[in-house]
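Work through the exercises below with the sequence and the model at hand, and try each task before you read its solution.

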Amino acid sequence: MEIMNNWNQFLAAQGARPVPPEGAPDSTVPAAIAPIADFGQSLTVPQLQAGFVAAITDQGLIGLNGDDAASFLHGQLTNDVEHLTLEQVRLAGYCTPKGRLLASFLMWRSATTIYLQLPRSIQPAIQKRLQMFVLRAKAKLHDASLDEANQVVLGLGGKQASAALSAWFPVLPATPFSKVEHASGTLLRVADAFASPRYQWLTSAATARDAWPQLTEQLAKSGDDGWRLSEIHAGIPQITAATQEQFVPQMVNFELLGGVNFKKGCYPGQEIVARSQYLGKLKRRTTLVSIDDAAAVAGGELYAVSDPDQPCGMLVNAAPNGTGGIDALVEMKLGAIAEGSSAAGAVRYGSAQGAAVHFLPMPYVLDALDL
């Protein structure tokens with residue numbers, strides 16, 4: 001924790017603005033421990049497109065070691081863990097027996113450890129739940145964000161990001177959802193956004209402090225808000241405390257993103273996830289929108305003006321867009337997506353009289369849509 005405090009103190013000296021607890025003014029938040037929102041202002045999409053580096057401070061990391069770590073996780077998650085290679089990065093979900101997502105992970109491995117990245121706020125409970133099911137398996141879980149090599153996570157994207165990273169990594173991951181290891185740290189290439197690669201760089205606090213001044217000379221600097229905005233525009237959902245147990249994986253496009261393997265063995269909720277895929281037609285999907293309400297948050301509900309008495313959808317993730325509102329991934333009924341995409345103001349946030357929801361192009365095709 002001391003290392004993380006020192007990193008956050010370093011960022012505070014660079015002008016970082018912490019995320020205040022709900023209802024609390026900025027001045028009450030200790031800069032040493034609060035997640036970092038931004039560096040004085042929210043970045044806009046054009047700024048992200050040009051190139052950015054974000055201090056990612058709201059993500060936790062679970063590490064699993066032991067002879068049975070892969071087989072244990074293989075029986076718990078929606079994706080294939082046993083055949084995960086050292087060069088691959090994957091998405092994976094953790095469901096209730098009813099098939100509802102408790103967590104979504106970014107997953108990769110080293111020679112000795114399998115890593116699961118998830119929001120820091122839900123990590124303790126998810127880690128404890130997984131630990132309950134280890135039983136006699138030779139697998140140990142730990143908070144991997146305390147390991148020296150994973151002390152700091154930087155997110156980079158936009159047109160200039162690859163060139164900036166080349167000063168530390170002679171070879172960059174060639175495709176989305178791949179990784180390279182280097183003396184400078186672990187570099188994950190995640191889903192592209194804005195027609196450019198995006199990366200997560202996990203490294204020591206010392207290396208991050210050395211790299212930060214050079215990176216911010218070339219790239220716009222941000223915190224969690226900028227990274228989350230880029231994730232939203234990449235169409236990558238993340239389950240948070242506000243949305244746990246709300247969605248079957250397909251509702252948030254998880255199988256379209258390679259986060260569900262339908263050929264692997266059983267895992268909690270597998271029967272319901274498979275039934276959703278093969279029996280009947282999907283009735284809900286997740287899409288990209290902008291909302292003229294800076295207070296819109298994950299878990300908030302959406303309403304179709306044509307059917308004002310019941311919600312037609314829910315915000316999955318939201319981030320300030322730098323223009324006074326938020327951009328978001330929203331899970332909705334297919335009919336409401338069709339209606340909102342064709343008629344301005346047809347879908348609203350909070351109530352049928354709330355802020356207008358503007359539909360934006362998705363970065364990938366939503367198949368199974370018969371709009």
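This is a predicted model: local features need pLDDT of at least 70, side-chain atom pairs count only at pLDDT 80 or more; totals for chains, interfaces and linings use all residues.

Residues are numbered from 1 along each chain as its sequence is written, and side-chain values use heavy atoms, with hydrogens and water left out.

**Exercise 1.** Find how many disulfides the whole structure holds, and decide whether Cys95 is buried or exposed.

*Solution.* Begin with the criterion, by which a disulfide is a pair of cysteine sulfur atoms within 2.5 Å. The search of the whole structure finds zero disulfides. For Cys95, the nearest cysteine sulfur belongs to Cys266 and is 13 Å away. Next, take buried as under 20% relative accessible area and exposed as over 50%, with partly exposed in between (1.4 Å probe, protein chains only). Cys95 has a relative accessible area of 1%, so it is buried. Cys312, with 4%, is likewise buried.

**Exercise 2.** State in which order the six strands close into a barrel.

*Solution.* Strands are DSSP runs of E with at least two residues, numbered from the N terminus, and two of them pair if DSSP finds at least two bridges between them. The order is β14-β17-β16-β15-β18-β19, with antiparallel pairing. As one example, β18 (residues 347-349) and β19 (residues 355-359) pair in the antiparallel sense over two bridges, and Tyr349 stands opposite Ala355 in β19.

How values were computed
Helices (H or I, at least four residues) and strands (E, at least two) are DSSP runs, numbered from the N terminus.
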